[in-house]
Amino acid sequence: MSNTTDTALAAKTEIDAITAEFFGAFDNRGGGEADVDRIRRLTIPGAVIVSTGPATTVYTVDEFIEPHRKLLSDGRLVEFSEWETSERTEIAGDIAVRFGEYRKSGVMNGEPFEGGGAKSIQFVRMSEGWRIASFTWYDQP
């Protein structure tokens, strides 16, 4: 394998791990506590998070974390998890973009639910490794 191929493989492996860790931040199955604070470690300072759908909402990392922490810890949303079902990742030097589809399930206010959608994550390579620069998602109605 060439050095370029080794570098691309290492980048993809790290991006895969960061993406899995991001999805795992919301998991509160089995009475576990969701660790949404880890999102701060996975993102660059000033990262932007955008939710689309009926209304588009743009969040800073802190604006995103706080309501999600409350939702995942106050008993309204339990047994929640989400996971990537497909992805494609393109890497060019110190930038990368990942587009993927995901599924989610949980119990909201006592009612089981399932859903899914699409997520786009933009990454940059920092001195400490790959980090999320922005994250956008669309939940299917």
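**Close-up views of cavity, pocket and aromatic contacts**

**View 1. Lining of the largest cavity.** Strand β4 contributes the most to the lining of the largest cavity, with 3 residues. Strands are DSSP runs of E of at least two residues and helices are runs of H or I of at least four, numbered from the N terminus. The model is predicted: local features need pLDDT of at least 70 and side-chain atom pairs pLDDT 80 or more, whereas totals for chains, interfaces and linings use all residues. Residues are numbered from 1 along each chain as its sequence is written, and side-chain values use heavy atoms, with hydrogens and water left out. The lining consists of F23, E84, R98, F99, G100, K119 and I121; β4 (95-108) and β5 (111-126) are the elements that give two or more residues to it. On a 1 Å grid over the protein atoms alone, a cavity is a set of points where a 1.4 Å probe fits but cannot get out, a pocket is an open set with protein on both sides within 12 Å along at least five of seven lines, and lining residues have an atom within 4 Å of a point. The largest cavity holds about 30 Å³ of space, a volume being the space filled by probe spheres set on grid points joined across faces, edges and corners.

**View 2. The largest pocket.** The largest pocket holds about 410 Å³ of space. Of its 21 lining residues, H68, L71, K104, W137 and D139 are the closest to its centre. Helix α3 gives the most to this lining, with 4 residues.

**View 3. Aromatic pairs of F64.** Rings of Phe, Tyr and Trp (its six-membered ring) pair if their centres lie within 6.5 Å; planes under 30 degrees apart count as stacked, over 60 as edge-to-face and the rest as tilted. By this rule there are 9 aromatic pairs. Y59 and F64 form an edge-to-face pair, 5.6 Å centre to centre with 75° between the planes. F64 and W137 form an edge-to-face pair at 5.7 Å, also with 75° between the planes. F64 lies in helix α3 (residues 61-73) and W137 in strand β6 (residues 129-139), so this pair ties together parts that are 73 residues apart in sequence. Both F64 and W137 are buried (under 20% relative accessible area, 1.4 Å probe, protein chains only; exposed is over 50% and partly exposed in between).

**View 4. The aromatic cluster.** F22, F26, Y59, F64, F135 and W137 form one aromatic cluster.
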